[in-house]
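Look over the sequence and the structure before reading on.

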Amino acid sequence: MTRETDLKGAVQEQFGRVAAKYLTSAVHAQGKDLPVMVEAANLQGNERVLDAGCGAGHTAASFAPFVAEVVALDFTASMLPQVDVLAQERGLANIETRLGDVENLPFPDSTFDLVVSRYSAHHWSRPGKALRGFHRVLRDGGLFILSDVLGFGDPVCDTYLNAIEVLRDPSHVRDYTLEEWSNNFAATGFHLEVVFPYRIFLHFEDWTERMETPDVYRAAIRALYNDSPEEVREALQIDEEGHSFQCAVLRGTAS
């Protein structure tokens with residue numbers, strides 16, 4: 001079994017257990033980035049949209065009222081019924097769910113006008129491959145809009161950030177830095193714009209309970225909190241309640 005297969009299996013196992021919690025998660029259901037993502041798309045109303053790594057469907061549901069169709073794609077089968085529940089609750093009949101891998105998209109060329117992804121990319125082991133796939137399935141001049149946690153250019157802060165993330169969720173791969181995204185966008189034919197930098201506060205108990213993080217790893221995260229250098233404590237805004245991540249909405253125009 002290859003390391004890549006191990007990683008993808010970890011995603012399916014981890015999120016398969018906790019899929020229903022992502023339907024009710026306030027971090028995923030809300031957020032000031034969601035309306036920014038919709039606004040950044042400059043929608044006309046006739047778009048076909050791919051939500052890549054849709055989770056419980058909150059991003060798909062945010063776009064659906066303003067477009068012709070949204071295809072909500074996720075690698076974890078148990079997430080897709082959560083999308084259906086959300087669509088039914090909101091009276092949205094134009095969301096179609098599809099099981100699939102963002103790094104091996106099951107769609108013909110030039111299928112979509114817009115690809116969106118929110119809080120999924122830190123699970124991608126090969127983001128460049130995913131972006132090449134997005135470029136392939138987009139029509140000429142199509143957009144890719146991404147919202148996710150950003151890594152740090154400073155190696156000390158970046159090491160602590162990703163260590164905390166992996167302890168909480170073993171399917172985590174990496175919070176990619178803005179420089180890494182810039183390089184991947186350019187290499188795959190997207191013109192990058194930083195639309196909206198923002199931060200999200202993650203309450204420790206809610207954050208770890210949502211992923212059913214074992215107590216031993218919760219204790220390890222707390223130890224990293226307590227023992228981290230001052231620069232890390234400042235960068236992550238660590239306090240007794242939890243911590244804050246730097247994030248951004250990025251827009252890529254396919255060239």
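## Terms and model

Buried means under 20% relative accessible area, exposed means over 50%, and partly exposed lies in between (1.4 Å probe, protein chains only). This is a predicted model, where local features need pLDDT of at least 70, side-chain atom pairs count only at pLDDT 80 or more, and totals for chains, interfaces and linings use all residues. Residues are numbered from 1 along each chain as its sequence is written, and side-chain values use heavy atoms, leaving out hydrogens and water.

## Asn-162

Asn-162 is buried, at 11% relative accessible area. It sits in helix 7 (residues 155–168); helices are DSSP runs of H or I, at least four residues, and strands are runs of E, at least two, numbered from the N terminus. Leaving out residues up to four places away in sequence, Asn-162 touches His-172, Arg-174 and Asp-175. Touching means heavy atoms within 4.5 Å.

## Salt bridges

Side chains of opposite charge can pair when their charged atoms come close. A salt bridge puts a side-chain nitrogen of Lys or Arg within 4 Å of a carboxyl oxygen of Asp or Glu. The whole structure has 10 salt bridges.

One of them joins Asp-33 and Arg-118 (2.7 Å, N to O). Asp-33 is in helix 3 (residues 33–40) and Arg-118 in strand 4 (residues 112–118), so the pair ties together parts 85 residues apart in sequence. Both residues are buried.

## A network

Arg-174 also pairs with Glu-180 (3.2 Å, N to O). Arg-174 is partly exposed at 22%. Glu-180 is partly exposed at 27%. Salt bridges link Asp-158, Arg-174 and Glu-180 in a network.
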